[in-house]
Amino acid sequence: MTEPSRVLVLNSGSSSVKYQLLEMADGSRLAAGIVERIGERGGRHTHRPIAQGGEVRTVERQVPDHAAALRSVSEQLAGDGLGLDSPALAAVGHRVVHGGTRFTEPTLVTDDVIEEIEDLVPLAPLHNPANLSGIRVIRELRPDLPQVAVFDTAFHATVPEAAARYAIDRDTADRLSVRRYGFHGTSHQYVSRRTAELLGRPLESVNIIVLHLGNGASASAVAGGVCVDTSMGLTPLEGLVMGTRSGDIDPAAIFHLHRVGGLAVDEIDDLLNRHSGLLGLCGDNDMREIGRRMAEGDAHAREAFDIYTYRLRKYVGAYCAVLGRVDAVAFTAGVGENSPAVREAALRGLEGFGIEVDPVLNAVRGSAARVVSPAEARTAVAVVPTDEELEIARQSYSLVQSQG
Ligand SMILES: Nc1ncnc2c1ncn2[C@@H]1O[C@H](COP(=O)(O)OP(=O)(O)O)[C@@H](O)[C@H]1O
Ligand SMILES: CC(=O)OP(=O)(O)O
Ligand SMILES: [Mg+2]
């Protein structure tokens, strides 16, 4: 029998599960899909049977929880002859958002590992419970199958103490594990490597600022392949302005909202995580819709865009100072890959730092990794599509292979 060589990757978010089935022999995608609106009205499962070359299948049905979502994934895959019972399956790789200080490498899932991921739930209440339910359902369906947890925090474990430690009482911080962890690490790692390839230079020799701009958004400073700073902190709330999260804010604003505004702690948590960012500023969190409204002269949409891109520019400037020399600024994820306007505005006025976009190159749409700065620019500006699922599959497969 040939060795099992396929990996199913699950990226469970608070209300969705994205998945891909990959053949590691050639890195090809066999199937992919997303279950959306879990636990809400209007649940929907979209499945792409890539290997079969078949039509995209969309099933509209209520999906009460993540367990139901994964049963639906399992059914759709089985319908293509790619079910979870397949002997070709080598592992399931999970994106797990918070790994704390404990997990800095891809990790084979055991009872102890599950317990430790559970202990980290208070630090990622939107994300870790969803990741755990994915692990539990697969255990039920295929108890013999190796499962690997790949942590969003892992790539940032190298951030030095000067950047990772908050300037608060040392004992309190250590007792409660309050420090900068950083997130989207799998994406920052994948994109920094792909950017070096795009420039045709060894990763060890280049300094890169990676801007991951999806629903959540984060920046990182990567020196020779090693992450030295990142904008998210103890939780995925710090840093850039995001779709629904505020990013950086004076912590005293929270006391004020509580003492003077009468908001409870949970209400403030909800306000900053789910009703702030672009959504809070203008009522929309989708950059496409904001672009459309700006074209119509909508002042709130324009201001939201300006605040979003101003914060980006500030972080780019800060990371120029952190890195000393910057060889590339790489834009990735939904907004970074698809919005020429955000790229242009975020880097406006940075010519003095050797950073600028070429308006013609920047306007070109496409899905390939590409350079969008003028040929003579000191720093390359690149658009580099991320592929967290492929990276998770590679790390998971390599771990199960090394375990024999
Ligand atoms: N063509 C586009 N132009 C501008 N923004 C886009 C475009 N396509 C997608 N986006 C943005 O990408 C965001 C989603 O990014 P994505 O990386 O898929 O997020 P996540 O993985 O965090 O769910 C959307 O909210 C939207 O604002
Ligand atoms: C950690 C995080 O912010 O993830 P996402 O962008 O998927 O919400
Ligand atoms: Mg994402």
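# A chat about the sheet, the domains and the ligands

Guide: Strand 4 and strand 5 are antiparallel partners joined by four bridges, where two strands count as paired if DSSP finds at least two bridges between them, and strands (E, at least two residues) and helices (H or I, at least four) are DSSP runs numbered from the N terminus. This is a predicted model, in which local features need pLDDT of at least 70 and side-chain atom pairs count only at pLDDT 80 or more, while totals for chains, interfaces and linings use all residues. Residues are numbered from 1 along each chain as its sequence is written, and chains are lettered from A and ligands numbered from 1 in the order in which they are written.

Visitor: Which residue stands opposite Arg44 in strand 5?

Guide: That is Glu60. On the strand 3 (residues 28-36) side, five bridges join strand 3 to strand 4 in the antiparallel sense, and Ile34 has Thr46 of strand 4 as its bridge partner.

Visitor: What is the strand order of the whole open sheet?

Guide: The eight strands run in the order 5-4-3-2-1-6-8-7, with mixed pairing. Strand 5 (57-60) and strand 7 (107-108) each have a single partner strand, so one side of each is left without a neighbour in the sheet.

Visitor: And which strands does helix 3 touch?

Guide: Helix 3 (residues 128-141) packs on the sheet and touches strand 1 (6-12), strand 2 (17-23), strand 6 (89-96) and strand 8. Contact here means C-beta atoms, placed from the backbone, within 7 Å. The direction of helix 3 makes about 165° with that of strand 6, taking axes as lines fitted to C-alpha atoms, for helices over the stretch in contact, with angles from 0 to 180 degrees between N-to-C directions.

Visitor: Changing topic, how far apart are the C-alpha centres of domain 1 and domain 2?

Guide: They lie 28 Å apart, and five residues from domain 1 and four residues from domain 2 make the contact. The domains span 6-151 and 200-388 respectively, with bounds from an automatic or database domain assignment.

Visitor: Which residues surround ligand 2?

Guide: Gly13, Val97, Asp152, Phe183, His184, Gly214, Asn215, Gly216 and Pro236 surround ligand 2, a residue being near if its C-beta atom, placed from the backbone, lies within 6 Å.

Visitor: Which residues come nearest to ligand 1?

Guide: Of the 13 residues around ligand 1, Gly214, Asn215, Met287, Gly334 and Asn338 come nearest. Helix 10 (287-295) and helix 12 (333-338) are the elements that give two or more residues to that shell, and helix 12 has the largest share, four residues.

How values were computed:
Contact = placed C-beta atoms within 7 Å.
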